[in-house]
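Thanks for coming, everyone. Let me put the model up, and then I will walk you through the helices and the rings.

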Amino acid sequence: MKHIVTVLSLTFLGVMAVITVFPFIYMMLAGLMTYSEATSIPPTFIPEKFQWLNYAEVFERAPFLRYFLNTVFVSTVTTIATVITAILAAFALSSLEFAFKKVVLWVMISLLMVPYESIIFTNYNTISRMGLLNSYSALIIPFLTSIFYIYYLYGYLQSISTAFYKAAKIDGASDMEYVRKILVPMSKPALVTVGILTFISSWNSFLWPLLVTNEKKYRLLNNGLAAFTTESGSDVHLQMAAATLTVIPILIIYLIFRKEIMRGVSKNGIKG
């Protein structure tokens with residue numbers, strides 16, 4: 001009976017793995033097809049001849065290199081800012097005592113229930129009145145911190161004994177020295193998780209850059225995919241090639257840091 005359960009479990013996992021991976025594999029293969037192959041019915045799964053020139057045409061049809069550099073810059077700045085503000089706020093909530101601390105926590109939890117789409121136009125009006133439309137500032141400022149990641153790090157830091165903080169204060173360390181020299185190294189898995197997820201979220205951003213930028217020089221990668229859509233239809237094969245270029249950097253980053261992400265998600269903190 002045990003062997004039957006094992007076989008069924010492995011079969012189920014295998015089927016789910018194929019379902020999960022297949023769209024990505026097909027996207028890569030479609031990016032190497034001709035237009036007729038990419039739009040054929042029934043669908044073509046393996047191109048008759050790999051069209052590597054599709055990738056060269058992607059860069060000819062749109063300033064894809066500019067989109068790529070914009071995305072790297074915005075995602076990097078957003079990630080660094082989010083990690084810094086989140087760890088500082090989480091430290092304050094977990095280690096410091098101040099008035100209305102519980103109220104702040106309840107307000108944060110309440111804000112987690114507010115969908116992003118409900119405040120996006122409020123953010124747009126704010127950025128517009130500040131005169132920051134069509135600028136990198138418009139792409140970065142609304143995402144300098146995240147309540148979700150503050151609360152996530154707060155939960156992670158709760159697993160670290162307060163004895164470390166008290167010992168550091170007895171030794172004469174300032175709060176910032178404690179954060180930099182003790183808390184950050186001990187929270188590395190969680191910080192890597194926050195950094196990677198923030199980077200991925202910024203990398204995949206589509207709606208916000210579309211709202212606040214009208215010039216191509218400020219657009220991001222996902223907005224660049226629209227360059228392959230015309231009034232007569234879409235160049236599906238080029239869209240797939242461009243989408244592959246968009247996904248591969250994120251996939252590489254995930255493969256490099258997958259162990260740290262898993263450790264951070266599992267909350268392997270130091271128990272007091």
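Buried means under 20% relative accessible area, exposed means over 50%, and partly exposed is in between, with a 1.4 Å probe and protein chains only.

Some ground rules. This is a predicted model, in which local features need pLDDT of at least 70 and side-chain atom pairs count only at pLDDT 80 or more, while totals for chains, interfaces and linings use all residues. Residues are numbered from 1 along each chain as its sequence is written, and side-chain values use heavy atoms, with hydrogens and water left out.

Back to Tyr154. This residue is found in helix H8. Helices are DSSP runs of H or I with at least four residues, strands are runs of E with at least two, and both are numbered from the N terminus. What does Tyr154 contact beyond its neighbours within four places in sequence? The answer is Ala90, Leu93, Ser94 and Leu105. Contact here means heavy atoms within 4.5 Å. Leu88 is 66 residues from Tyr154 along the chain, with 9.8 Å between the two C-alpha atoms.

Now the first helix pair. Two packed helices are described by the angle between their axes and the distance between the axes. Take H5, residues 101-112, and H8, residues 147-157: their axes come within 9 Å and cross at roughly 130 degrees. Axes are lines fitted to C-alpha atoms, for helices over the stretch in contact, and the angles run from 0 to 180 degrees between N-to-C directions. H5 and H8 are therefore oblique to each other. On that scale, under 35 degrees is roughly parallel, over 145 roughly antiparallel, 65 to 115 roughly perpendicular, and the rest oblique.

The crossing of H5 and H8 is left-handed. That is, the near helix is turned anticlockwise from the far one by less than a right angle; clockwise would be right-handed. Who meets whom? H5 brings Leu105, Met108, Ile109, Leu111 and Leu112, and H8 brings Ile147, Phe148, Ile150, Tyr151 and Tyr154. By class, this H5 and H8 contact has ten nonpolar residues, no polar ones and no charged ones. Nonpolar covers Ala, Val, Leu, Ile, Met, Phe, Trp, Tyr, Cys and Pro; charged covers Asp, Glu, Lys and Arg; the others, Gly among them, are polar.

Next, the rings. A pair of aromatic rings is described by the distance of the centres and the angle of the planes. Rings of Phe, Tyr and Trp (its six-membered ring) pair if their centres lie within 6.5 Å; planes under 30 degrees apart are stacked, over 60 edge-to-face, and the rest tilted. The count comes to 17 aromatic pairs. One of them is Phe68 with Trp203, edge-to-face, 5.7 Å centre to centre and 85 degrees between the planes. Phe68 lies in helix H4 (residues 64-95) and Trp203 in helix H11 (residues 188-203), so this pair ties together parts 135 residues apart in sequence. Phe68 is partly exposed at 29% relative accessible area, whereas Trp203 is buried at 1%.

Then there is Tyr165 with Tyr178, also edge-to-face: 5.0 Å centre to centre, 70 degrees between the planes. Tyr165 sits in helix H9 (residues 162-170) and Tyr178 in helix H10 (residues 175-186), 13 residues apart. Both Tyr165 and Tyr178 are buried. Elsewhere, ring pairs join Phe22, Tyr26 and Phe45 into a cluster.

Stay with H9 and H10. Their axes come within 10 Å and cross at roughly 140 degrees. This crossing is right-handed. Phe164, Tyr165, Ala168 and Lys169 in H9 meet Asp175, Tyr178, Ile182 and Met186 in H10. By class, that contact has six nonpolar, no polar and two charged residues.

Ser187 is buried, with 0% relative accessible area. Not counting residues up to four places away in sequence, Ser187 touches Tyr156, Leu157 and Ile160.

Last, the backbone. Most residues other than glycine have a negative phi, and most peptide bonds are trans. The bond from Ile41 to Pro42 is cis, with omega near 0 degrees. Pro42 lies in the loop between helix H2 (35-38) and helix H3 (53-61). Phe100 is not a glycine, yet has a positive phi of about 60 degrees. Phe100 lies in the loop between H4 and H5, and counts as exposed at 64% relative accessibility. Asn134 has a positive phi too, about 55 degrees.
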